[in-house]
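Please open the model in a viewer and keep the selection tool at hand. The stops below follow one another as a short tour.

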Amino acid sequence: MGFEKNILCIGAGFVGGPTAAMIAYKCPQYGVTVVDISKERIKQWNSETLPVYEPGLDEIVKATRGRNLFFKTDIAKGIRDNEIIYVCVNTPTKTFGAGAGLAADLQFWENTARDIREHARSSKIVIEKSTFPVKTALAMERILNSRASKIQFDVLSNPEFLAEGTAVRDMEYPDRVLIGSRDTEGGYRARDILVEIYANWVPRQKILTSNIWSSELSKLAANLFLAQRISTINAMSAICERTEADVSEVAKIVGMDGRIGARFLNASIGFGGSCFKKDILNLVYLCQHEGLPEVADYLQGVVRINEYQKERFVMNMLEAMFNTLAGKKVCLFGFAFKADTSDTRESPAIHVVRRLLEERAEVVVTDPRALDNAKIDLKGLAGRVSYVKDPCKAVKGCQAIAVVTEWDLYRGLDYKKIYGQMIKPAFIFDGRNILDHKRCFEIGFNVYPVGKPGLTHFK
Ligand code: UDX
């Protein structure tokens, strides 16, 4: 014992676990404890199979667990024993009451704030790590300071910009670390303590400080900008398909403008993941609430185009396959919302399967990591869905392949052999534009990329 600083992470999910592990890894002089209300989750973090799959995460957890990284269930003790507290609980979109479908559900966060207030015996720095709506810090301060006592709580906003699948790298070499604080003496003091923690491995010029509201808003704004790029290129893909332009060429040309930049311009079946849609809808709700309907409408368009893109993918399949999918077997290549993760939250695959079943198709799902989650997501859907890990076996008796996730492994498969196992005419709908379309066409497939002319054998 006797660590230089004692840091607590409340919430052992996609953000809390990796964040704590990275701090413990980079700062052996600090003790880092992660707590969660779910005993099961903590048990998993203490086991050989972590609840989160992230390249490189196993190694840093193995190197630190039991040394200066601890996973525990006693939240009250965690709060008492640590002076720096990260709040990493989830904030899903509300499904009930005012703001349902738009606003964030803050009950986990508020319970956490109350827990901190109840159990704290000394002053604490409380850090918002999860993505919260703008002004959450204010509510947090009000709850924390609603008990008459001398204990001081300083709330900081320190949003996480990591992307799944690259979480460890993103945390080790971040583009920037953002710390928002109140413009008060206490706020600055707390801010400086957090700056020192990150300065253990992040170059000082990449550690930005700002006012706390800018910090909260910037996280939402960053996700809006990223998602907006995808919706814009996806809108272009629809135009490309009508005009025989090629969206990859358009993206390359547009992206070479230094003001625009080349990243996040891949047309696709649509974006998924736990952040983009949720954060944009959060902003939409804020705008509606603040009397900014024009802005709300503009931002909502980003989500609307994404829904449209997913549906367009299914309608393209239907049209290409002679306007009926009933009784036809379709193989989904990938179910995760992107490659290198088992996460399926908001994955376009969910919409595609639901719609294919409505069209009475039979669906075979294959994915190297996400089949367990797929089974949970698709539970209770009427129709026939089967799950086969090996894509080369999954295609047997299918008439179409729909590429939903850009797993590298799909690029290198033996498509000649695959073609041989499928019912003809055989179709590929490449929702990620990752396959060699010309070669697949030459093998005999009818190929439909996103935002490019189809390659078909029909006269
Ligand atoms: C995102 C942000 O990148 C991250 O900074 C934030 O903290 C959380 O949200 P994540 O959801 O993990 O991270 O995934 P990301 O890599 O951003 O991809 C989001 C979705 O967009 C995926 O479905 C991906 O396949 C899709 N995408 C991405 C495209 O369709 N085209 C692109 O060019 C890039």
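Is T366 buried or exposed? T366 is buried, because its relative accessible area is 0%; buried means under 20%, exposed over 50% and partly exposed in between, with a 1.4 Å probe and protein chains only. Before going further, note that the model is predicted: local features need pLDDT of at least 70, side-chain atom pairs count only at pLDDT 80 or more, and totals for chains, interfaces and linings use all residues. Residues are numbered from 1 along each chain as its sequence is written, and side-chain values use heavy atoms, with hydrogens and water left out.

**Stop 1: T366 and its surroundings**

Select strand β10, residues 362-366, in which T366 lies; helices (H or I, at least four residues) and strands (E, at least two) are DSSP runs numbered from the N terminus. A polar atom of the T366 side chain lies 2.9 Å from the backbone oxygen of V388. For the backbone oxygen of K389, the distance to a polar atom of that T366 side chain is 2.9 Å. Contacts of T366 (heavy atoms within 4.5 Å), leaving aside neighbours within four places in sequence, include C331, F333, L371, D390, P391 and Y410.

**Stop 2: the ligand**

A ligand oxygen atom is 2.7 Å from an N or O atom in the side chain of R432. A ligand oxygen atom is 3.3 Å from an N or O atom in the side chain of K219, and a ligand oxygen atom is 3.0 Å from a polar backbone atom of L162. Of the 670 Å² of accessible area that the ligand has on its own, the protein covers 91%.

**Stop 3: the cores**

Now select I23, L57, Y86 and Y198, the residues with the most contacts inside the largest nonpolar core, which has 41 residues. Such a core is a set of buried Ala, Val, Leu, Ile, Met, Phe, Trp, Tyr and Cys residues joined through side-chain atoms within 4.5 Å. Beyond four places in sequence, Y198 touches Y86, K129, N158, V177, I179 and I207. A second, separate core of 28 residues includes I269, V352, V353 and V404.

**Stop 4: backbone details**

Most residues other than glycine have a negative phi, and most peptide bonds are trans. Select K424 and P425: the peptide bond joining them is cis, with omega about -5°. P425 lies in the loop between α16 (415-421) and β13 (427-430).

Move on to N433, in the loop between β13 and α17 (437-443), where phi is near 50°, a positive value in a residue other than glycine. N433 counts as buried because its relative accessible area is 19%. Finally, select F322, in the loop between α12 (293-320) and β9 (329-333). Phi of F322 is near 65°, and this residue is partly exposed, at 48% relative accessibility.

Definitions and conventions. Polar contact = N/O pair within 3.5 Å; in protein donor to acceptor, adjacent residues only side chain to side chain. Areas by Shrake-Rupley, 256 points an atom, 1.4 Å probe, with all protein chains shown as cover.
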